Amino acid sequence: MIHEIPEQQKVINCCETSFLVTSRPGRGKTTVALLYAQRQLKEGGLLPSQKVLFLTFSRNGVYQIATTKSKLLDKSVQERLHIATYHSFMWWLLNNFGRYIGLPSVLELIWQTKADGIVHGSSCDLSDIPKHLACHCGGITYKCFAPLTLNLLSSTAIRHCLASLFPVIVVDEFQDTDDEQWEIIKLLSEKTKLCCLADPDQMIHRFRGARDDRLFQFSSEKSAKEYKLQQKCLRTDDYDILNFAEAILDGQLGTEEQRVRWRSRFLRDYRGSKAVSFWLKSTLTDFYKDFNKKKLSRPPSIALAAYSNQNALAIKEELQKTTGRIPNAFNCSVLESEKDESIEDLLLHMSSWFLNRNEQDFCLSSKIIGALLAPRDLSKASTPIKSLFFPEKIISGEVAAKKSAKHVTDLLESNFSGAKNAIELVQYSSATLKAMGSRIATLQTKFDSMLLDDSISNLKTLACQCEGNIEHQLIQLKSRVKNQRIRSCVLDYITPKRATIATSMHKLKGKEFDYVAIYSIPNDQFYSSPEESDLDGRRLLYVSLTRARFDARILYMGTAPPTLISPYL
């Protein structure tokens with residue numbers, strides 16, 4: 001039983017105001033934290049209206065905690081746990097308390113391209129951008145969440161209110177917090193109990209602001225006591241995977257017998273770029289065969305991961321090939337693919353413009369297209385493209401649209417009438433965008449990378465569900481897009497897929513799969529210079545391999561293998 005392990009029992013009965021729980025994967029950190037929360041709710045003197053706040057990084061993490069909660073805790077306390085990602089919790093804060101710092105009562109989630117188009121040319125300072133976006137277009141990007149939340153938490157009254165609601169806070173994956181998240185945690189926990197769960201060996205988000213000294217900061221600034229859990233892994237009995245992963249992490253070669261076994265089981269040379277499809281399919285086939293032997297009454301979960309998002313997409317493409325030594329195509333979906341949905345916003349603004357000729361929709365359409373056409377540094381855009389960021393001057397005749405800008409404005413100003421419903425509006429807007437792409441090659445390239453057809457298809461599907469006259473249909477369509485975006489990007493947790501998925505290695509964090517295969521390109525480092533080092537690469541390999549319950553593989557090209565696995569070949 002969990003209560004019989006002394007290290008875990010010490011955490012469950014902990015009386016410190018702030019404390020840190022550390023261990024490697026699968027040692028029961030989440031389970032112990034939930035039992036600690038249950039004890040606080042039952043015996044800690046909390047009021048019936050008070051809750052324990054669980055903060056984690058991913059929606060999958062929310063799912064894992066919620067699932068464990070339902071199996072482990074008494075029903076009387078389950079509903080008193082508020083489990084949230086950082087983003088969903090900040091979204092909740094800003095929507096409920098944002099009016100106290102001058103934010104609109106209703107906020108939308110917008111994407112970076114649209115935000116860039118709106119902000120470029122404005123006079124606001126960098127620090128004023130989040131509030132500028134909120135107040136001028138009623139929307140904010142992910143990057144705005146933390147600055148606005150810190151602004152909100154500068155209010156002593158709001159901090160006291162939150163402390164009264166959440167007198168106990170548990171933070172999962174604490175080692176990956178960035179400076180803003182750490183400041184938010186400190187402000188939230190001024191008058192509360194704080195439990196942080198961490199594994200320093202799983203700190204893989206240095207590129208997002210995670211720091212090696214974060215645990216030391218917590219211990220020193222909050223006078224936190226550290227509890228270390230037992231070494232036995234509770235997730236799997238297959239210690240070969242754990243030993244191999246930990247050998248890579250620690251830079252240890254193991255015994256000759258271990259290296260022979262690891263090389264035979266975990267490492268596969270795909271022998272040239274043309275053999276990638278065969279070895280990916282072959283690895284999948286091996287996993288399926290092994291799973292069938294276990295005679296489980298569910299489908300397997302298999303992750304095929306690569307260091308970059310681009311190579312994760314390449315995995316899906318290789319599996320769909322119908323040529324080569326294994327001509328059969330294999331089904332594979334992409335896990336949490338990164339997508340800028342500014343294209344959907346653009347189509348909605350264009351639809352509204354074509355229906356009502358509202359100048360604001362024309363201006364926003366122009367600015368989004370300008371941001372799509374401009375280089376990353378918008379100030380380096382050509383003069384015609386820069387003019388798209390000031391559409392009011394084009395409308396007034398103060399500036400003449402030229403070259404690319406003229407193609408855009410001519411098509412936006414085209415006459416369209418007689419649409420019977422929102423679907424026809426979306427179709428016309430889509431055709432207009434595609435016409436722009438046919439005239440402006442750079443724009444077409446952007447459309448291809450941002451999956452224009454997928455956005456069009458999604459809007460058409462939602463438009464089919466709208467009723468009433470065309471004006472009401474368009475209002476409903478905008479509302480459905482907003483709700484869909486918030487639900488899928490902020491509020492809901494993800495139910496793990498029992499299927500084959502392709503993903504980046506970083507997105508494996510906090511998830512569990514039956515099988516994991518890592519596809520490496522020639523000379524893969526598994527880290528990005530200059531911010532990171534081979535320690536970060538070893539950590540990433542360690543995290544990725546320890547996601548597997550039953551088996552794992554690393555696929556490499558023998559002529560140029562990754563340096564980190566070369567000693568084991």
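Trainee: Is C464 buried or exposed?
Mentor: C464 counts as exposed, at 55% relative accessibility. The cut-offs are under 20% relative accessible area for buried, over 50% for exposed and partly exposed in between, with a 1.4 Å probe and protein chains only. Keep in mind that this is a predicted model: local features need pLDDT of at least 70, side-chain atom pairs count only at pLDDT 80 or more, and totals for chains, interfaces and linings use all residues. Residues are numbered from 1 along each chain as its sequence is written, and side-chain values use heavy atoms, with hydrogens and water left out.

Trainee: What about C332, buried or exposed?
Mentor: C332 is buried, with a relative accessible area of 9%.

Trainee: New topic: which residues touch the most other members in the largest nonpolar core?
Mentor: I140 and F174, in a core of 51 residues. Such a core is a set of buried Ala, Val, Leu, Ile, Met, Phe, Trp, Tyr and Cys residues joined through side-chain atoms within 4.5 Å. Helix α5 (residues 86-97) gives the most to this core, seven residues. Helices (H or I, at least four residues) and strands (E, at least two) are DSSP runs, numbered from the N terminus. Another core, of 45 residues, lies apart from it and includes I343 and L425.

Trainee: What is I140 in contact with?
Mentor: Leaving aside neighbours within four places in sequence, the partners of I140 include W91, L94, F145 and L148. Contact means heavy atoms within 4.5 Å.

Trainee: Now the sheet. What is the strand order?
Mentor: The open sheet has six strands, β3-β2-β6-β7-β1-β8, with parallel pairing. Two strands pair if DSSP finds at least two bridges between them. At the edges are β3 (81-85) and β8 (225-228), each pairing on one side only.

Trainee: How many bridges join β2 to β6?
Mentor: Four, between residues 52-56 and residues 168-171. In that pair, L55 stands opposite V171.

Trainee: Last one: where is T192?
Mentor: T192 is in the loop between α10 (179-188) and β7 (193-198). T192 counts as buried, at 4% relative accessibility. Not counting residues up to four places away in sequence, T192 touches T17, A163, F166, P167, V168 and I169.
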